[in-house]
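Open the model in your viewer and keep the sequence panel beside it. At each stop, select what is named, look, and then move on.

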Amino acid sequence: MEERVASLVESKNKGKITKDVLEKEIQEVLTSLEQTNEHAQRAQVEFLKGRVLSLKEPLDPRCEIRLTKSVKLDPKKIDAWNLLGEVLWRKGDVFESKRCFEAALERKENAESLRNLSMIVRQQPFQTKADRLRQIESSIKLAKQALALDYSCGRSWFVMGNAYLTHFFTFSRQNTTLQQALKAFNRALLDKEEADYHSDLHHNRGVLLKYTEAYWDAMVALRKAIELDPCLTAANDLLQAIINQVTTVHQAITRKGSLKSKRVHQFTAQLKERNADGKYYSLCEIHSSLSDKKKLLVKVTNVLTREPIPQYVLFQNMGANFQLVTTTYLFNARDNILHAGDVVVIEKPVLSRVEINDDPDVGNISYLSIRVENPTLLQRNGQYLSLFNPH
């Protein structure tokens with residue numbers, strides 16, 4: 001019976017069984033289990049009942065009852081504690097769910113409980129930013145403990161990646177944290193079960209790749225997520241957002257911001273006049289050598305996004321070239337947004353090239369992008385942007 005239940009769970013998780021067939025199979029398994037008279041295996045029987053009932057949508061209230069009975073009959077039954085925790089989690093009872101996973105760990109260290117705790121501590125309420133930081137750091141620690149038990153487990157790497165991803169967007173904004181998240185997602189892909197059936201892995205990796213402006217890789221990841229789960233609205237929306245964004249940017253650059261030649265010449269003259277002492281560089285000079293000690297002088301011609309995070313602006317530099325600036329800083333973002341007409345100095349500009357080839361939705365796209373993650377590296381109309389809100 002254990003094998004039949006395991007096969008049913010696998011078929012459900014991999015989407016290989018229809019709803020009607022699943023319901024029929026569940027009823028047949030429950031009927032067989034009800035006819036089981038082995039008193040010595042009662043805890044296991046109750047667990048199997050709870051396991052098959054957990055496959056029903058919406059959640060069947062009998063599931064919690066069966067699993068609760070299983071752990072009462074055998075408090076050392078780790079799989080029953082873990083499944084009961086997941087069922088309570090689905091009900092929205094985070095506190096009791098956490099207690100179940102902790103109860104399982106008290107009896108035996110296991111990767112499943114550690115992974116679940118890593119996820120659930122990030123969902124608990126918090127009072128202060130310090131509390132939130134401790135939660136995320138605890139989440140990372142628990143994920144590492146799960147990996148220590150099985151370093152090749154793709155699901156543990158996925159949980160680790162999510163913990164680092166949360167830390168990055170909530171607190172650190174450091175490239176090292178971002179790379180740790182990406183490394184974890186990439187390691188998770190080495191697990192064939194995760195790569196072939198886990199749509200959230202591909203979606204979350206796509207989110208991260210979009211942020212790094214690796215748009216082609218992000219689109220590949222998101223399309224895989226949609227292939228695995230066509231109803232994953234977040235992946236569909238993000239894919240369309242990337243398509244719209246790169247197309248808009250490419251068209252704006254190609255059309256030189258829809259500016260007339262006279263206007264382009266005016267802006268070029270303004271920038272050259274501002275650079276009379278020669279302390280600023282043109283884009284070609286920045287691109288041809290190290291840029292960590294150089295400053296780029298540009299004129300904002302178009303704002304391509306409405307929201308400040310991230311903000312995409314088209315700029316013209318002294319050589320009358322048009323390229324993209326991406327500002328991703330969270331610090332005082334709304335006070336630090338750029339506007340069309342601003343003259344901007346970018347210190348230590350970091351250049352990258354967005355390259356998409358033979359894509360079915362966008363075709364061939366290539367353009368340079370300058371990424372700015374710290375507002376103090378920008379001067380807007382002669383004034384440095386602030387790290388903190390002065391008000």
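**Stop 1: the loop between α15 and α16**

Select A276. This residue sits in the loop between α15 and α16. Keep in mind that the model you are viewing is predicted. Is A276 buried or exposed? A276 is exposed, and its relative accessible area is 71%. Exposed here means over 50%.

Along the chain, A276 and Q179 are 97 residues apart.

**Stop 2: the loop between α14 and α15**

Step back along the chain to R255. You are now in the loop between α14 and α15. R255 is exposed, with 53% relative accessible area. R255 and I26 are 229 residues apart in sequence. From C-alpha to C-alpha, they are 61 Å apart in space.

Stay in this loop and pick K256, which also belongs to the stretch between α14 and α15. Check its backbone angles. K256 is not a glycine, yet its phi is positive, about 55°.

Next, select S258. This residue is in the loop between α14 and α15 too. S258 has a positive phi of about 60°, although it is not a glycine. With a relative accessibility of 63%, S258 counts as exposed.

**Stop 3: α13 and α14**

Select residues 215-228 for α13 and residues 233-254 for α14. Give each helix its own colour. The two pack at an angle of about 150°, and their axes are 9 Å apart. Which way does α13 run relative to α14? That angle makes the two helices roughly antiparallel, because an angle over 145 degrees counts that way. The crossing of α13 and α14 is left-handed.

**Stop 4: α6 and α7**

Now colour α6, residues 94-107, and show α7 with it. You will find α7 at 111-121. The packing angle of α6 and α7 is about 150°, with 9 Å between their axes. These helices are therefore roughly antiparallel to each other. Turn the view to see how they cross: α6 passes α7 in a left-handed crossing.

**Stop 5: α4 and α5**

Select 78-91 for α5. The crossing of α4 and α5 is left-handed.

Before you leave, look at the loop between α3 and α4, where P58 is found. Show the backbone from E57 to P58. Which form does this peptide bond take? The bond is cis, with omega near 0°.

**Stop 6: the largest pocket**

Show the surface. Rolling a probe the size of a water molecule over the atoms shows where empty space is left. The largest pocket holds about 1500 Å³ of space.

Which residues lie nearest the centre of the largest pocket? Select N13, R51, E86, R155 and H198. They belong to a lining of 34 residues. Colour that lining by class: 12 residues are nonpolar, 8 are polar and 14 are charged.

Now colour the lining by helix. Among the helices that supply at least two lining residues each are α1 (2-13), α11 (192-197) and α12 (199-211). Which helix gives the largest share? That is α1, with 6 residues.

**Stop 7: α9**

Another helix that supplies lining residues is α9, at 154-172. Select the whole helix. Mostly covered, α9 has 15 of its 19 residues buried.

**Stop 8: K294**

Finish at K294, in the loop between α16 and β1. Is K294 buried or exposed? K294 is buried, because its relative accessible area is 15% and buried means under 20%. K294 and A103 are 191 residues apart in sequence. In space, they are 58 Å apart, C-alpha to C-alpha.

Note on methods. Residues are numbered from 1 along each chain as its sequence is written. This is a predicted model: local features need pLDDT of at least 70, side-chain atom pairs count only at pLDDT 80 or more; totals for chains, interfaces and linings use all residues. Side-chain values use heavy atoms; hydrogens and water are left out. On a 1 Å grid over the protein atoms alone, a cavity is a set of points where a 1.4 Å probe fits but cannot get out, and a pocket is an open set with protein on both sides within 12 Å along at least five of seven lines; lining residues have an atom within 4 Å of a point. Grid points are joined across faces, edges and corners, and a volume is the space filled by probe spheres set on the points. Helices (H or I, at least four residues) and strands (E, at least two) are DSSP runs, numbered from the N terminus. Ala, Val, Leu, Ile, Met, Phe, Trp, Tyr, Cys and Pro count as nonpolar, Asp, Glu, Lys and Arg as charged, and the others, Gly among them, as polar. Buried means under 20% relative accessible area, exposed over 50%, partly exposed in between (1.4 Å probe, protein chains only). A crossing is left-handed if the near helix is turned anticlockwise from the far one by less than a right angle, and right-handed if clockwise. Axes are lines fitted to C-alpha atoms, for helices over the stretch in contact, and angles run from 0 to 180 degrees between N-to-C directions. Angles under 35 degrees count as roughly parallel, over 145 as roughly antiparallel, 65 to 115 as roughly perpendicular and the rest as oblique.
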